[in-house]
Amino acid sequence: MYTLKQQWFGNMRADLLAGMVVGLALIPEALAFAFIVGVDPRVALYASFTIAVIISFVGGRPGLISAATGAMALVLVSLMANHGLQYVLAATILTGIIQLILGGLGVANLMRFIPNSVMLGFVNALGIMIFITQLPYLLGSNSMTYLFAIVTLILVYAIPRFFTAIPAPLVAIVVMTCIALISGVKLQTIGDLGTMPNSLPVFFLPDIPLNFETLKIIFPYALALSIVGLLESLLTSQVLDDMTDTSSNKNKEARGQGIANFITGFFGGMAGCALIGQSIINIKSGGRGRLSTLTAGVFLLFLIIVLGDVVIKIPMPVLVGVMIMVSITTFNWGSFKFLKQAPKLESLVMLITIAIILYTHNLAIGVVSGVILSALFFVAKISRVTVTHDLDGYKVKGPLFFASTTKFIQSFDNVTENEIVINFENSQLWDESAVGAIYKVKQKLEQKGVKVQIQGLNSSSEQLYNRLT
């Protein structure tokens, strides 16, 4: 881990330039998310500014970009439609409180239960989703739209071969915007997505009744937002850890997300979390420290307040070209090798995780489904208990727990001896179901006049057996 000074000032020039690129990339995303929820563009733009600035100070992963996101926007749609903006802001504040509590309880420790196959599914689904979300800006457009997107993409990859002083995406955006303005070509611009605010966000309390009825309305949404936000933020944090070969404090990140959302709700912003696409843009542009995240937030506000008249002229195909680069970078191309070499069940988990995320457009549902599926496959794999019979008695091999007790019990259906020994030297009792299965077998056989002797229990199994019988 870097010192706090290194996190802020160890990469100043690159962080400042990378943050400027990200600030530009945040605008169309925020406007699109505002449209999804059905709120004024200021709600998403203010959220992106405040969350990015706050998380730069209190987050646990330097270089991670947090702002208004599509995953959180989808959760808020029905709340906005049924109850209005004030309840959205209240839910955002409550989301922050819940996330702060979960971070304090060490929720990030649960990350170790997410298998690699699910992580690959998460990353690949994100890469595909980032690409898919750009298609509406391309499909059905004129040929110049495609040309500008393609040329921007080429520039983003070609510029670093000759010039690295300024991030390639920033150069490409400036150059292609100038070409569009000089040529007068007709292209969709940022200004076509929504109007820019012309004032700073101000502190205010949501205008809602402070009673139990309000809590009943916003709590389910706040809980869903908390889970979705933390899951996306912690997984994004892990992706950046892997990309930069550094570690991060994920429980601190969880608490930081809570603080950011809590404060944002008082400044008229909707709930947000980590943005995988913009975070990767930041890293690919050279951003590594907290200064890059702070710059992204501050530059975003500067763009919409001071340079709003210029920003609205940036062609959308130019930003689409940058985002396609992000989608290509995000997708783990080594997954095709993983599909060939990994066990079939793990490959299946990855593919199902991708499919669920793409179908639901919900990262949390996809990841949780993948984890559950992996757990079920794991349980099925380790529950293969076998019972063999020889002159020395019945020998049990394999773990005995709730998933393997049925086969264990069935192994004693056709006992013909008057006395048997059940040996557990190569087995382990894991739970009450295991002890219950042994008791059931003994009871069943003793009713038939068969004497049953239990042998070979290790110390922990014997302790569990004695405690429960």
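**Terms set against values**

Modeller: The UniProt record, in an unreviewed entry, places the feature "domain: STAS" at residues 394-469; positions follow the numbering used here, feature names are shortened, and annotations may be inferred rather than shown by experiment. Within residues 394-469, 42% is helix and 30% is strand, and the end C-alpha atoms lie 21 Å apart. The model is predicted: local features need pLDDT of at least 70 and side-chain atom pairs count only at pLDDT 80 or more, while totals for chains, interfaces and linings use all residues. Residues are numbered from 1 along each chain as its sequence is written, and side-chain values use heavy atoms, with hydrogens and water left out.

Colleague: Why is the crossing of α3 and α10 called right-handed?
Modeller: A crossing is right-handed if the near helix is turned clockwise from the far one by less than a right angle, and left-handed if anticlockwise. α3 passes α10 in the right-handed sense. Their axes are 9 Å apart, at an angle of about 145 degrees; axes are lines fitted to C-alpha atoms over the stretch in contact, and angles run from 0 to 180 degrees between N-to-C directions.

Colleague: What makes a space a cavity rather than a pocket?
Modeller: On a 1 Å grid over the protein atoms alone, a cavity is a set of points where a 1.4 Å probe fits but cannot get out; a pocket is an open set with protein on both sides within 12 Å along at least five of seven lines. The search finds 1 cavity of 30 Å³ or more, and the largest cavity has a volume of about 40 Å³. Ile55, Arg61 and Glu253 are among its lining residues, which have an atom within 4 Å of a point.

Colleague: How much space lies in the largest pocket?
Modeller: About 810 Å³, a volume being the space filled by probe spheres set on grid points joined across faces, edges and corners. α2 gives the largest share of the lining, 8 residues.

Methods:
Helix = DSSP H or I, 4+ residues; strand = E, 2+ residues; numbered from the N terminus.
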